[in-house]
Amino acid sequence: MEKRIYNLSAGPAILPEEVLLEAQKDLYSYKGSGMSVMEMSHRGKIFDGIIKDAEADLRKLLSIGDNYAVLFLQGGATLQFSMVPLNLMPPKNKADYIVTGSWAKKSVKEAKRVGAVNIAATTESESFVRIPKQSELKLDPDTSYVHFTSNNTIYGTEWRNEPEVGNVPLVCDASSDFLHKKIDINKYGLVYAGAQKNIGPAGVTVVIIKKDLLERSSDSLHTYMNYKIHAENDSMYNTPTTFGIYIAGLVFKWLLNMGGLDEMYKRNMDKAKILYDAIDTSGGYYKGTIVAEDRSLMNITYRLPNEELEKKFIDEAKKKGFDGLKGHRSVGGIRASIYNAFPKKGVEDLTAFMEDFKKNN
Ligand SMILES: *Cc1c(COP(=O)(O)O)cnc(C)c1O
């Protein structure tokens, strides 16, 4: 077998090896069916089992009750930037948005097409290096929902606890830290996540929505844009992304087998600590870009003394098998994305490389 690299890309991102190997084993003929998952009808018995299992396992992982619908949609998190306001803004036609990075800004852009957006807080003037404090949030108690981004993939900040929003439904873009720990789903009206960062291949978007919110979806919406239609049709109104749902389902089983999300969280904290400690004990050679208490466990951003060294660092790392370390083009620097599937050994090897690089440069 060919050797695999350490993939530190922000997304599409690394998947668990066990999942890839299992999918490979079943790729040509899925469990004796004589065809691959990609080739079978989404209405057939086998795929029906696959999507039902995926949903059941996701419900188990997050203890999702019957008062929530679980949807597997397409269009990425980006389509949710539109679907959320189209479905949930009426009848008040206003919503609060907490802006902590580029993705949040993009969600605001779409929401403004639907109604009035109140920016409840933004840290843009500080280059998004921190998460706003609860006391800074200017929330409207009578608004349709509050939208926030739990992990800011580009800047490398993450909410430790969700904002407190009273009785207003909380909506979360969890694309880059979904299932990295257990969250209390009952605090949320809606959570959405594009799969390609932490739970599967690009193409699937998971939406978890409190059922009473489905009543807000107007019949006048275009059919695909309507959450209620997707819920009534068990994500099968049209052809879903069958292979993506299959792989996400394998990832859910992988998480359950490992001991669930509390165990995953422990491992994620452990991995992030190794890397942040390496940054913080480098005598200032490596500098974290984010306020310490808001640092992401998923996307770890840091700088070297100058851009020339950063370029050299990325090039040499790549030769040693660490790929995807270049920071987002809008911010530069280094970004190590160490999602659920990234192994601890890879983090240890990366810190050893960082130590060597510092000595030699
Ligand atoms: C990647 C990302 C998106 C965009 O996802 P697409 O699937 O490309 O639409 C949105 N929000 C966050 C937080 C992301 O990390």
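In the structure described here, a predicted model, the ligand is surrounded by 13 residues, where a residue is taken to be near a molecule if one of its heavy atoms lies within 4 Å of it. The closest of these residues are T78, T153, D173, Q196 and K197. Because the model is predicted, local features were required to have a pLDDT of at least 70 and side-chain atom pairs a pLDDT of 80 or more, whereas totals for chains, interfaces and linings use all residues. Residues are numbered from 1 along each chain as its sequence is written, and side-chain values use heavy atoms, with hydrogens and water left out.

Sorted by class, the shell around the ligand contains 3 nonpolar, 8 polar and 2 charged residues; in this scheme Ala, Val, Leu, Ile, Met, Phe, Trp, Tyr, Cys and Pro count as nonpolar, Asp, Glu, Lys and Arg as charged, and the others, Gly among them, as polar. Helix α3, which spans residues 76-88, supplies the largest share of the shell, with 4 residues. Helices (H or I, at least four residues) and strands (E, at least two) are DSSP runs, numbered from the N terminus.

A side-chain N or O atom of T153 lies 2.4 Å from an oxygen atom of the ligand, and an N or O atom in the side chain of K197 is 2.7 Å from an oxygen atom of the ligand. A nitrogen atom of the ligand, in turn, is 2.6 Å from a polar side-chain atom of D173. On its own the ligand has 390 Å² of accessible area, of which the protein covers 87%; accessible areas come from the Shrake-Rupley method with a 1.4 Å probe, and for residues only the protein chains shown count as cover.

Rolling a probe the size of a water molecule over the atoms shows where empty space is left.

Individual residues were then classed as buried (under 20% relative accessible area), exposed (over 50%) or partly exposed (in between), using a 1.4 Å probe and protein chains only. S296, in the loop between β11 (287-288) and β12 (299-303), counts as buried because its relative accessibility is 0%. A polar atom of the S296 side chain lies 3.0 Å from the backbone nitrogen of N299. A54, in helix α2 (residues 45-62), is also counted as buried, at 1% relative accessibility; A54 and V251 are 197 residues apart in sequence, yet their C-alpha atoms are 9.0 Å apart in space. L86 belongs to helix α3 and counts as partly exposed, since its relative accessibility is 28%. The C-alpha atoms of L86 and G249, 163 residues apart along the chain, are separated by 29 Å.

Most residues other than glycine have a negative phi, and most peptide bonds are trans. The peptide bond from G11 to P12 is cis, with omega near -10°, and P12 lies in the loop between β1 (6-7) and α1 (17-27). Another cis peptide bond joins P90 and P91, with omega about 0°, P91 being placed in the loop between α3 and β3 (94-99). Positive phi values occur at K31, near 45°, and at D234, about 50°. K31 lies in the loop between α1 and α2 and counts as exposed because its relative accessibility is 53%, while D234, in the loop between α5 (227-232) and α6 (242-258), is exposed with a relative accessible area of 56%.

Technical notes: Polar contact = N/O pair within 3.5 Å; in protein donor to acceptor, adjacent residues only side chain to side chain.
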